[in-house]
Amino acid sequence: MKRTCLLTAGALIVVSGCGLTSGSPMVDDVKPGTVGRGEPLKGARLTVTSKEFTEQLILGAMMGIAFEAAGAEVLDRTGIQGSIGAREAVRSGTADGMYEYTGTAWITYLGNSRPIPDPERQWRAVRDADLRNGVTWLPPSTLNNTYALAMNQANFKKYGTRTLSEVAALSRKDPGAVTLCVEGEFANRADGLPGLEKAYGMRIPAKNATQMDTGIIYTQVAKGSCTYGEVFTTDGRIKSMNLAVMADDKKFFPNYNAAPEINTKALKKWPAIAEVLAPVTKKLNNTVARTLNARVDVDGEDPHEVALDWMKTEGLVK
């Protein structure tokens, strides 16, 4: 369940553990690489924010580091619990920007019930609708943190499925072969298992779907306790556990492409924000996300240091 955090236009208010703080300055010793040449944000004081989970902390750090390389002074307000608090910080101007997901904006913030299958059209629809809220969306990455089904390598070799259509065919041919580990919410949501079965013509007996917490799903799939498990496509455990992800060939699941969400007034004052973030966004994809997320969730590294190391390795900053 998502908590709602109360904000005013002038200040963040800490409410029931929402995790909003005054933030702290970013003090990375970085210089422009392919990002920030000429320091076009010299003199700017910008605040970056994010939600509290690993991928968001990494993306928030990337945005802040890019701003630093371009000459800005950056205040770090990453790690806000839940989607609403971080979103409201950008909308109100308490923060200047964050990386957000197109599907989250379209469904959660903008109140739509049907996602748009084409990722470019989904982003454009979000961009156009959110302008009236004082929020500008810059071009998206191919990083798409959406739902998927995954299996371990032993089952992958045994059944050979690569797409959800092939999983559906297997469920009809050999119903006992398709067992699922899923979250309780996924088991009952229209954009979860019920909708998935309908869209693909799957036949999954209720006894073949076991509900459990997210973290347990990955370990159970890795062990082979269930043939397929519900996963998030950019989760680092996919890489660390060497899971095979089934392609959503009918584009059933919503697109959750990460893109910079910037306060419109801040962007008008500092239009160079767009050119500063473009090279970073262009390099983001699911493989990058899984690798970096795993460094935090599996190897125990610090999200900010992981972001900084990657940006230096890619030549984005020096």
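Trainee: What makes Arg 237 a charge over the ring of Tyr 218?

Mentor: In this predicted model, Arg 237 lies over the face of Tyr 218, at 4.1 Å from the ring centre.

Trainee: Why is the pair of Tyr 147 and Phe 253 called tilted?

Mentor: A pair of aromatic rings is described by the distance of the centres and the angle of the planes. For Tyr 147 and Phe 253 the centres are 5.7 Å apart, which falls within 6.5 Å, so the rings count as a pair.

Trainee: Which parts of the chain does the pair of Tyr 147 and Phe 253 link?

Mentor: It joins distant parts, with Tyr 147 in strand S6 and Phe 253 in the loop between S10 and strand S11 (258-263), 106 residues apart. Ring pairs also bring Tyr 147 and Phe 253 into a cluster with Phe 186, Phe 232 and Phe 252.

Trainee: How do you know whether Tyr 147 is buried or exposed, and what about Phe 253?

Mentor: Buried means under 20% relative accessible area. Tyr 147 has 10%, so Tyr 147 counts as buried, and Phe 253, with 5%, is buried as well.

Trainee: How do you know that strand S6 and strand S9 pair, and in which sense?

Mentor: Pairing needs at least two bridges, and strand S6 (residues 147-151) and strand S9 (residues 228-232) have four bridges, in the antiparallel sense. One of the contacts joins Tyr 147 to its bridge partner in S9, Phe 232, and Phe 232 belongs to the ring cluster too.

Trainee: What makes S8 and S10 edge strands of the sheet?

Mentor: The open sheet of five strands runs in the order S8-S7-S9-S6-S10, with mixed pairing. Strand S8 (209-211) and strand S10 (244-245) each have a single partner strand, so one side of each has no neighbour in the sheet.

Trainee: What makes the lining of the largest cavity mostly nonpolar?

Mentor: Its residues divide into eight nonpolar, one polar and one charged. Among the lining residues are Glu 55, Asn 293, Leu 59 and Val 288; because Glu counts as charged, Glu 55 is the charged residue. Helix H1 (54-69) and helix H13 (286-297) each supply at least two residues of this lining, and the cavity holds about 60 Å³ of space.

Terms used. Residues numbered from 1 in each chain as written. Predicted model: local features only at pLDDT ≥ 70, side-chain atom pairs only at ≥ 80, totals over all residues. Heavy atoms only, no water. Phe/Tyr/Trp six-rings, centres within 6.5 Å; stacked < 30°, edge-to-face > 60°. Buried < 20%, exposed > 50% of the residue type's maximum accessible area, 1.4 Å probe, protein only. Lys NZ or Arg CZ within 6 Å of the ring centre and 35° of its normal. 1 Å grid on protein atoms, 1.4 Å probe; cavity = no way out; pocket = protein on both sides within 12 Å on 5 of 7 lines; lining within 4 Å. Points joined across faces, edges and corners; volume = space filled by probe spheres on them.
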